[in-house]
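Please examine the structure shown below.

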Amino acid sequence: PGYERGHADHGWLDTYHTFSFADYYDPEHMGFRSLRVINEDRVKPGAGFGTHPHRDMEIITYVLEGSLEHKDSMGNGSIIRPGEVQRLSAGTGITHSEYNPSQTEPVHLLQIWILPEQRGIPPGYEQRAFKEEKRGRLRLIAARDGQAGAVRVHQDVDLFATLIARGERVAHRLRPGRHAWAQVARGVVTLNGRL
């Protein structure tokens, strides 16, 4: 549940941390297998994260509401909108900034960090839109081989997204030896019979 997450309100940024991050430390929640971070961020209009470095991390940005402007040291610049997924492979090192370009609307996003299979890969960038494709069904949005139009991550993970209405159901059967983490971005769900 959301109340079990770390929380920080910096004025311009209201953020919830599923796993230990920044000043939030919980030895019981350090990550899940190669999944290291899921931060739910709300950034006020005209505010954002200044240029900062990363290395050896797969960073997935998923915008729920509003828009987020991205710029990085590889020369990429884009606006990420609801239903779009951006993958940034930090690899040997990159710098980037993320900014809410609106002067009136906040931006609500998830930022997900995945530990890569190997360190020191070349940095990379990719962005794709997944609009109605996930309504009422699980849609693969990130995967090791980029199958089915998903963004490619450098780790053996499958990241799915869905939009379901009240009373709808989706199902996913795990292959042997696989594990799953479910993150609810908005609303309430019952998962395997538990609320």
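Histidine 17 counts as buried, with 5% relative accessibility; buried means under 20% relative accessible area, exposed means over 50%, and partly exposed lies in between (1.4 Å probe, protein chains only). This is a predicted model, in which local features need pLDDT of at least 70 and side-chain atom pairs count only at pLDDT 80 or more, while totals for chains, interfaces and linings use all residues. Residues are numbered from 1 along each chain as its sequence is written, and side-chain values use heavy atoms, with hydrogens and water left out.

**The chain as a whole**

- The chain has 14 strands and zero helices; helices (H or I, at least four residues) and strands (E, at least two) are DSSP runs, numbered from the N terminus.
- For 195 residues, a compact globule would have a radius of gyration near 16 Å, and the value of 16 Å for the chain agrees with this. The radius is taken over C-alpha atoms, and the globule rule is 2.2 Å times the number of residues to the power 0.38.
- Along the principal axes, the C-alpha atoms fill a box of roughly 45 × 35 × 35 Å.
- Of the 195 residues in the chain, 40% are buried.
- Among contacts with a separation of 6 or more, 65% are between residues 24 or more positions apart; contact means heavy atoms within 4.5 Å.

**Histidine 17**

- Histidine 17 belongs to strand S2.
- Its side chain makes a polar contact with the side chain of asparagine 39, at 2.9 Å. A polar contact is a pair of N or O atoms within 3.5 Å; within protein, one must be able to donate a hydrogen and the other to accept it, and residues adjacent in sequence count only if both atoms are side-chain atoms.
- Apart from neighbours within four places in sequence, histidine 17 is in contact with Arg5, Gly6, Tyr24, Ile38 and Asn39.
- Histidine 17 and glycine 48 are 31 residues apart along the chain, and their C-alpha atoms are separated by 17 Å.

- Strands of a sheet pair through backbone hydrogen bonds, either parallel or antiparallel.
- Strand S6 (residues 68-72) pairs with S7 in the antiparallel sense over four bridges, and the partner of histidine 70 in S7 is serine 78.

- Strand S5 (residues 58-65) pairs with S8 in the antiparallel sense over five bridges, and the bridge partner of glutamate 58 in S8 is serine 89.
- S8 also pairs in the antiparallel sense with strand S11 (residues 124-129), over six bridges; here arginine 87 has glutamate 126 as its bridge partner in S11.

**Aromatic pairs**

- The chain has four aromatic pairs. Rings of Phe, Tyr and Trp (its six-membered ring) pair if their centres lie within 6.5 Å; planes under 30 degrees apart count as stacked, over 60 as edge-to-face and the rest as tilted.
- The rings of tryptophan 12 and phenylalanine 49 have centres 5.2 Å apart and planes at 80 degrees, so this pair is edge-to-face.
- Tryptophan 12 lies in the loop between strand S1 (6-9) and strand S2 (13-17), and phenylalanine 49 in strand S4, so the pair ties together parts that are 37 residues apart in sequence.
- Ring pairs also link Phe19, Phe32 and Trp181 into a cluster.

**Histidine 54**

- Histidine 54 is found in strand S4 and counts as buried at 13% relative accessibility.
- Its side chain makes polar contacts with the side chains of histidine 52 (3.2 Å) and histidine 96 (3.2 Å).

Note on methods. Pairing = 2+ DSSP bridges.
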